[in-house]
Amino acid sequence: MAKQSIFGRIAQLTRANINGLLDQAEDPSTMLDQMVRDYTNSIAEAEEAVATTIGNLRLLEQDHAEDVAAAADWERKALAASNKADELRSSGNPVDADKFDALARVALGKQLQSEKEAKTAEPQIASQTDVVGKLKTGLTGMRSKLDQLAAKRDELNARSKTVEAQTKVADAVQSIDILDPTSEISRFEDKVRREEAKMLGRQELAASSLDAQFESLDDLGEQTEVDARLAALKLGALDK
């Protein structure tokens, strides 16, 4: 029952549809990690069970070989005892001849018993050989399935990292779009233009102030000339 149960588990695991299981999983990567662990543990258990089954088969084969060898040995002993009995009987010694015939009968009985045990073991050996073959095939299938699982896990992890990187890039691009760096540049440019205009205003203001000063100087010069002429007129009148 234990061997059949193990064989059933191996068959079930090797028939498992990975893609179908992943379609039902909320987190395929986590599920694959768990499946890899489960498969690895199941393979280790199956290897132990198969090793035990193979060991039992080899014991049966050894016992069968010993029974076959024993049957052949008892056959040789029976033949030797029978030949000795015939020899004694020919030499006129029927009493000892009967003893050796009795030994030959005992040897033949042993031969029959050994042959019977060997024949009884043959169906078991055939059955165990078939089971071992299927278990070995199942183990090969499990190892292949484990390789598929590990490859699928690595593929999904790589794809997940790629998607994560793409998402970060997309978020960065979106944040740039939201911030609209061109509008920032426009605002900065407008600020610079206002500062430039302000400086022009200051320069113009400074220039107008300077012109006013020069104009005041001109006015002062004209007034001085007027005063001088007035003084000259007054002097001329006094002379007359």
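This is a predicted model: local features need pLDDT of at least 70, side-chain atom pairs count only at pLDDT 80 or more; totals for chains, interfaces and linings use all residues.
Asp73 counts as partly exposed, at 27% relative accessibility, where partly exposed covers the range between buried, under 20% relative accessible area, and exposed, over 50%, with a 1.4 Å probe and protein chains only. Residues are numbered from 1 along each chain as its sequence is written, and side-chain values use heavy atoms, with hydrogens and water left out.

Asp73 forms a salt bridge with Lys77, and their closest N and O atoms are 3.4 Å apart; a salt bridge here is a side-chain nitrogen of Lys or Arg within 4 Å of a carboxyl oxygen of Asp or Glu. The two residues are 4 positions apart in helix α3, so about one helical turn separates Asp73 from Lys77. Lys77 is also partly exposed, with 41% relative accessibility.

A second pair can be found in helix α4, where Glu155 and Arg159 lie 4 residues apart, about one turn of the helix. Their salt bridge has its closest N and O atoms 3.2 Å apart. Glu155 is partly exposed at a relative accessible area of 36%, and Arg159 is partly exposed at 48%. Returning to Asp73, salt bridges that share partners join this residue, Arg76 and Lys77 into one network.

The structure holds 11 salt bridges, and one of them brings together the side chains of Arg143 and Glu47, at 2.8 Å from N to O. Because Arg143 lies in helix α4 (residues 94-179) and Glu47 in helix α3 (residues 28-90), this pair ties together parts that are 96 residues apart in sequence. Arg143 is partly exposed, with a relative accessible area of 37%, and Glu47 is likewise partly exposed, with 32%.

Turning to the whole chain, the secondary structure comes to 5 helices and 0 strands, where helices (H or I, at least four residues) and strands (E, at least two) are DSSP runs, numbered from the N terminus. Among the contacts with a separation of 6 or more, 81% are between residues 24 or more positions apart, a contact being heavy atoms within 4.5 Å. Of the 240 residues in the protein chain, 18% are buried. The accessible surface of the chain comes to about 17500 Å², and 57% of it belongs to carbon and sulfur atoms; such areas come from the Shrake-Rupley method with a 1.4 Å probe, and for residues only the protein chains shown count as cover.
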